[in-house]
Amino acid sequence: MKPPQGPGADPTVRRARLTRPDEASAAYLLSVLEGPDAGLALTLDGSSPTRALLGTSPVCTVRLTDAEVSRRHAALAVTIDHVQIVDLGSTNGTTVNGVTIKEASLYGGEVIRVGRSVVSLQRGEERVANLGKATSFGRVIGESMAMRRLYPVLETIAGLERPVLLEGETGTGKELVAEELHRASKRADAPFVVLESSALPTDQLVNQLFGTAEEPGLLDKAKGGVLFIDEIGDLPRHAQKKLRDLIASGTDVRLIAATRHDLDRDVTAGRFDEELFFELASGRVELPPLRDRQGDVAVLAKHFWKELAQNELPIDLLPRFEQYPWPGNVRELRSVVIQRQTFGELSKTYLSDKAREQGLDFMSAVIQDDLPFPTARDRVVTEFERRYVERVLARHGGNVTAAARASGVAHRYFQLVRARVR
């Protein structure tokens, strides 16, 4: 299989990926045939704002009581023509028609086994999802079905006072969504305070959150407004318990928390307070990765370009972006668009070509340009990364996994570097 291309590559164009998808999809009847919850049935269709989780957790759409089923056992996503099921690293595994799966496409008529429970999936009639006409929620934009079915949920949550849990991969825009929930709420004129949990040592983290004898904490500064905690799972257990008790006491702070991790798994492992998780679960929102937002790469690329320039987005960019998996999600796309807008078409080769024409090495050419030190250093580092990635990929026949292993870095990090320099 050909390895994923970087955003600067020239893959074959598949225009369907860049167009707005149809809003119609089939409905599916999910019925529990065997197990403690036999008789339970519900319908899945394209109007659901997030994947339907199957498991024993309170956040699950299909909530079972089977002790052999994991808290988040599997996820089911309704697409235009099928249901995609993914095993979420469950303890006892997931089988479809007797075959153990990690991920599979279902079209109706299948039998799913999880733990001691047997579930059937039957295809129903096609429905048109009533998604409304909104293509944004404040500064959160996107015209894909995945985003348009999320906007009504965000509107509803913005008007409530309950805590919110934003889940999603790095770069999916969790902090931006939190800001827009605040701006659309009754607390819009009150403070929006941010705690970056992953950026601080434990003692500093606790002091920042709750304060000390000498200085008030972020909870005090957020009174009447919103406290946004990024990576809430990084809070130590005693801080989680104290935060939970403060929420239960009715403190005048709305909590919006974010995580890229599966907090259900952390609850099972004893790393996260279960009662705090219950407080957050009623306001859970899962933000989709960019690879699942069909048509939004084009929408977002044009939006980011217009933020920086008056002219139109270069026509060559969108086909290059189409098949790239965007591991860094929206954040990575924005970075790539800014790089192209800043340095132009020749940004990745111009300096090295110029040096070759002048008989100079690349570093000498950069130095002779009399650039500020940070700019010069960034150009040298970027060129080094580009040449290194090209060479190691060439040595391994374009195999990204083998190239990452030979480079001594994680596969995802290698992909990010490769995306940055192509």
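Author: Gladly, and let's begin with residue classes: Ala, Val, Leu, Ile, Met, Phe, Trp, Tyr, Cys and Pro count as nonpolar, Asp, Glu, Lys and Arg as charged, and the others, Gly among them, as polar. Please keep in mind that this is a predicted model.

Reader: How do the residues lining the largest pocket divide into those classes?

Author: There are 16 nonpolar, 12 polar and 17 charged residues in that lining. The pocket itself holds about 1500 Å³ of space. Its lining has 45 residues, and the closest to the centre are Arg 51, Glu 286, Pro 289, Arg 291 and Asp 292.

Reader: Which elements give two or more residues to the lining of the largest pocket?

Author: Those are strand 5 (74–78), strand 6 (83–87), helix 1 (145–148) and strand 18. Strand 5 has the largest share, with 3 residues.

Reader: What makes the other space a cavity and not a pocket?

Author: A 1.4 Å probe fits in a cavity but cannot get out, whereas a pocket is an open set. The search of the whole structure finds 1 cavity of 30 Å³ or more, and about 50 Å³ of space lies in the largest cavity. The residues that line it are Leu 219, Leu 243, Leu 246, Ile 247, Thr 251, Val 253 and Leu 255. By class that gives 6 nonpolar, 1 polar and no charged residues. Helix 6 (residues 237–248) supplies the largest share of this lining, 3 residues.

Reader: Why are strand 15 and strand 18 said to stand at the edges of their sheet?

Author: The sheet is open, with 5 strands in the order 15-16-17-14-18 and parallel pairing. Strand 15 (192–196) and strand 18 (284–286) each have a single partner strand, so one side of each has no neighbour in the sheet. From one strand to the next, the twist averages 20 degrees.

Reader: Which helices lie across strand 14?

Author: Helix 3 (residues 174–183) is one of them, running at about 150 degrees to strand 14 and also lying across strand 15, strand 16 (226–230) and strand 17 (254–259). Helix 8 (residues 274–281) runs at about 90 degrees to strand 14, and lies across strand 17 and strand 18 too.

Reader: Why is Tyr 324 called buried?

Author: Buried means under 20% relative accessible area. Tyr 324 has 1%, so it is buried. It sits in the loop between helix 10 (317–321) and helix 11 (329–343). Tyr 324 and Ala 419 are 95 residues apart in sequence, with 8.9 Å between their C-alpha atoms.

Reader: What is the phi of Asn 329, and is Asn 329 buried or exposed?

Author: Asn 329 is not a glycine, yet its phi is positive, at about 60 degrees. Asn 329 belongs to helix 11. With a relative accessible area of 0%, Asn 329 falls under the 20% cut-off and therefore counts as buried.

How values were computed: Residues are numbered from 1 along each chain as its sequence is written. This is a predicted model: local features need pLDDT of at least 70, side-chain atom pairs count only at pLDDT 80 or more; totals for chains, interfaces and linings use all residues. Side-chain values use heavy atoms; hydrogens and water are left out. Two strands pair if DSSP finds at least two bridges between them. Helices (H or I, at least four residues) and strands (E, at least two) are DSSP runs, numbered from the N terminus. Axes are lines fitted to C-alpha atoms, for helices over the stretch in contact, and angles run from 0 to 180 degrees between N-to-C directions. Contact means heavy atoms within 4.5 Å. On a 1 Å grid over the protein atoms alone, a cavity is a set of points where a 1.4 Å probe fits but cannot get out, and a pocket is an open set with protein on both sides within 12 Å along at least five of seven lines; lining residues have an atom within 4 Å of a point. Grid points are joined across faces, edges and corners, and a volume is the space filled by probe spheres set on the points. Buried means under 20% relative accessible area, exposed over 50%, partly exposed in between (1.4 Å probe, protein chains only).
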